[in-house]
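Please keep the sequence and the structure in view while working through them.

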Amino acid sequence: VRHIRRTTVDTGAIGRELLTTQSAALEQQRQLLQGARRELFTASQEYDALNPAGRALPQWAQTRDLLRQYGHILEVVVALGQEPAASGSVDVLLRDLTAYQTAILRQVEKLSEIHLRQIHDRETELLDWGARFRRQLFFAVGACLILACAIAALPMAHAWRTQRKLRAEHQKRTFQREVLSGD
């Protein structure tokens, strides 16, 4: 979007200069304008390629239409730069050039706002996901600790029971020996 914005501004400035000046560098300005026009077309194709979700936006469809119409005006400006034009047609072209440039810049601004909102929404989504992940991790670690304690307690409980049985058995035998020896 930034590339489209910059190239739109550049083509407008070059086009206005081409229409309003009578210098020896007109051919160079025509070539510059043709190159900038191609760059604008390339920038819109790059946007399509790099932003598949943006292709579905109505704002992008409007921007693409404006860019196409702007490209036609730039073609006329390049053609007029090759031959003298009536001042009335130059005025109309300058007005159209400025109007389309302004409209494209407004559309690009809307697209930028949409993309910023999308970025913000994705960041919020990621933060929420991170918070959920931390909570789940906390509970999983807690469950693992409880399980580990239970697993560690089982052999200790078994050893304690066995020791109690052995003591009881020992006391029973001791008692029996005392009873038998006391007779």
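Buried means under 20% relative accessible area, exposed over 50%, and partly exposed in between, with a 1.4 Å probe and protein chains only. Helices (H or I, at least four residues) are DSSP runs, numbered from the N terminus. The model is predicted, local features need pLDDT of at least 70, side-chain atom pairs count only at pLDDT 80 or more, and totals for chains, interfaces and linings use all residues. Residues are numbered from 1 along each chain as its sequence is written, and side-chain values use heavy atoms, with hydrogens and water left out.

**Exercise 1.** Describe helix 1 by its span and its buried residues.

Solution. Begin with the length: helix 1 has 19 residues and reaches 27 Å from its first C-alpha to its last, close to the 27 Å expected at 1.5 Å a residue, where the expected span is 1.5 Å times one less than the number of residues. Next, list the buried residues of helix 1, which are Ile-4, Thr-7, Thr-8, Thr-11, Gly-12, Ile-14, Gly-15, Leu-18 and Leu-19.

**Exercise 2.** How do helix 1 and helix 4 pack, and which residues make the contact?

Solution. First, helix 1 (residues 2-20) and helix 4 (residues 58-80) pack at an angle of about 25°, with their axes 10 Å apart; axes are lines fitted to C-alpha atoms over the stretch in contact, and angles run from 0 to 180 degrees between N-to-C directions. Helix 1 is therefore roughly parallel to helix 4, since angles under 35 degrees count as roughly parallel, over 145 as roughly antiparallel, 65 to 115 as roughly perpendicular and the rest as oblique. From helix 1 the contact takes Ile-4, Thr-8, Thr-11, Gly-12, Gly-15, Leu-18 and Leu-19, and from helix 4 Trp-60, Leu-67, Tyr-70, Leu-74, Val-77, Val-78 and Leu-80.

**Exercise 3.** Describe how helix 2 is oriented against helix 4.

Solution. Helix 2 (residues 26-50) packs against helix 4 at about 165°, with the axes 10 Å apart, and this angle therefore makes helix 2 roughly antiparallel to helix 4. The residues that meet include Arg-30, Arg-37 and Asp-48 in helix 2, and Arg-64 and Glu-75 in helix 4.

Key. Helices (H or I, at least four residues) and strands (E, at least two) are DSSP runs, numbered from the N terminus. Contact means heavy atoms within 4.5 Å.
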